Amino acid sequence: ALATSTLFGLLLEHDKSDFIANALNPLSLEGLMPPNLLKSDYLALPEKQGVYYFLNQKKEIIYVGKAKNIKKRIHSHFTTNSDSHAKRGLMNSIHAVDYQLVENNLLIELIEATEIKNHWPRYNRSMKRFSLNYGLFLFEDRNGYSRLSIGRSGKHDKPIKSYRTLNELKAELKSMIIDYELCPRLAGLQPLSSGACNYVEELNCKGACEQKEGMETYNERLQKAMKEYISNESTFVVKEVSKDQSNQAIVLVEKGRYKGYTTLSIDADLSDLEQLKKELHTAYDDQDLSYLLQSYLKNASPENIIVFYT
């Protein structure tokens, strides 16, 4: 202890630039910054919306995040009170920070999720631990009736639509059944062997489950219901103009599957589907990305959706 205090006194005596005093100052960046990150790199960060990346010594991406204010968000990483093993590991591993500005709210969550899935950063948790969502599946039974079923949806499954919760799925399915007078049994809400078809009290089943209603009539009605509620075969573009009116974010969904995104000039021609595909940053369509897009579409203005065909 005596030797340590003596050495510290000598360091203070020879610290002509007050480096130690600045480092010990709780308001100084030196006391907060990752030891391997240059202060100048942090000071150069923009105070704008975008996606940011922490890089290690090998320039590998070890963390991806999004923020309305990149500089402020990154600062919060360093000032949090937690002192976990994971935080210390992240702080010691950061050697550089990179970013891309993303003005459009439509794109920022999609880009963050896509980048995490592309780079699989060591210190990210969300979008990496795949959780089973609930999916709605379509198939044809041996009598030719189109039927729906509910099931847990794995990474490689392709439901016609996925949901985060079972209640959310059942609520939408019940509305579809009532609006189009579908059979609760064939729609997956009631087991085939459970007595009278009465899962939905507001509805009198037309008897498709007992083949009293013709296959073609029932299947046609189900297809109409799915186009309104599920849109599983729709091809459309979602666009969002930036706040400064300088460009527009574009997301393409083809035959119900998310295909990718891009940013184009405000006057770009969006009528040529094949040309749009050439401009895309493509992305694999999984349940996480599909859910993000579905959440956005719930509040999207119809004028921002360009439908090619359904």
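How many bridges pair strand S4 (residues 133-140) with strand S5 (residues 146-153), and in which sense? Eight bridges join S4 and S5, and the pairing is antiparallel. The close-up views below come from a predicted model, in which local features need pLDDT of at least 70 and side-chain atom pairs count only at pLDDT 80 or more, whereas totals for chains, interfaces and linings use all residues. Residues are numbered from 1 along each chain as its sequence is written, and side-chain values use heavy atoms, with hydrogens and water left out.

**View 1. The hairpin of S4 and S5.** Strands and helices are DSSP runs numbered from the N terminus (strands: E, at least two residues; helices: H or I, at least four residues). Two strands are taken to pair if DSSP finds at least two bridges between them. Five residues lie between the two strands, and glycine 144 in the turn has a positive phi of about 90°.

**View 2. The open sheet S2-S1-S3.** Three strands make up this sheet, with antiparallel pairing. Strand S2 (61-67) and strand S3 (96-101) are the edge strands, each pairing on one side only. Neighbouring strands are turned by 20° against each other on average, direction ignored; axes are lines fitted to C-alpha atoms, for helices over the stretch in contact, and angles run from 0 to 180 degrees between N-to-C directions. Strand S1 (residues 50-55) pairs with S2 over six bridges in the antiparallel sense. Tyrosine 53 has valine 64 of S2 as its bridge partner.

**View 3. Helices H4 and H5.** Helix H4 (residues 70-79) lies across S1, S2 and S3 and runs at about 40° to S1. In helix H5 (residues 85-93), the buried residues are Lys87, Leu90, Met91 and Ser93. Buried denotes under 20% relative accessible area, exposed over 50%, and partly exposed the range in between (1.4 Å probe, protein chains only). The buried residues of H5 pack against S1, S2 and H4, where contact means heavy atoms within 4.5 Å.

**View 4. Glutamine 100 in strand S3.** The relative accessible area of glutamine 100 is 27%, so this residue is partly exposed. Not counting residues up to four places away in sequence, glutamine 100 touches Gly50, Val51, Tyr53, Ile70, Ile111 and Glu115. Leucine 182 is 82 residues from glutamine 100 in sequence, and the two are 48 Å apart in space, C-alpha to C-alpha.

**View 5. Strands S8, S9 and S10.** Strand S8 (residues 247-254) runs antiparallel to strand S9 (residues 257-265), and eight bridges join them. Leucine 252 stands opposite glycine 260 in S9. Two residues separate the strands in this hairpin, where lysine 255 takes a positive phi near 50°. S9 is also joined to strand S10 (residues 281-282) by two bridges, again running antiparallel. On that side, glycine 260 stands opposite threonine 282 in S10.

**View 6. Leucine 264 in strand S9.** Leucine 264 has a relative accessible area of 14% and is therefore buried. Leaving aside neighbours within four places in sequence, leucine 264 is in contact with Asn247, Gln248, Ile250, Leu270, Leu276 and Glu279. Leucine 264 and alanine 249 are 15 residues apart along the chain, and their C-alpha atoms are separated by 6.6 Å.

**View 7. Tryptophan 120 and glutamine 245, residues other than glycine with positive phi.** Tryptophan 120 has phi near 45° and is placed in the loop between helix H6 (105-119) and S4. With 45% relative accessibility, tryptophan 120 counts as partly exposed. Glutamine 245 has phi near 65° and lies in the loop between strand S7 (235-241) and S8. With 52% relative accessibility, glutamine 245 counts as exposed.

**View 8. A nonpolar surface patch including Leu7.** Leu7, Phe8, Leu11 and Leu12 form the patch, with about 370 Å² of accessible area together. Leucine 7 lies in helix H1 (residues 2-14). Patches consist of residues with over 30% relative accessible area and no salt bridge; like charges are joined within 9 Å, and nonpolar side chains (Val, Leu, Ile, Met, Phe, Trp, Tyr) within 5 Å. A salt bridge is a side-chain nitrogen of Lys or Arg within 4 Å of a carboxyl oxygen of Asp or Glu. Accessible areas come from the Shrake-Rupley method with a 1.4 Å probe, and for residues only the protein chains shown count as cover.
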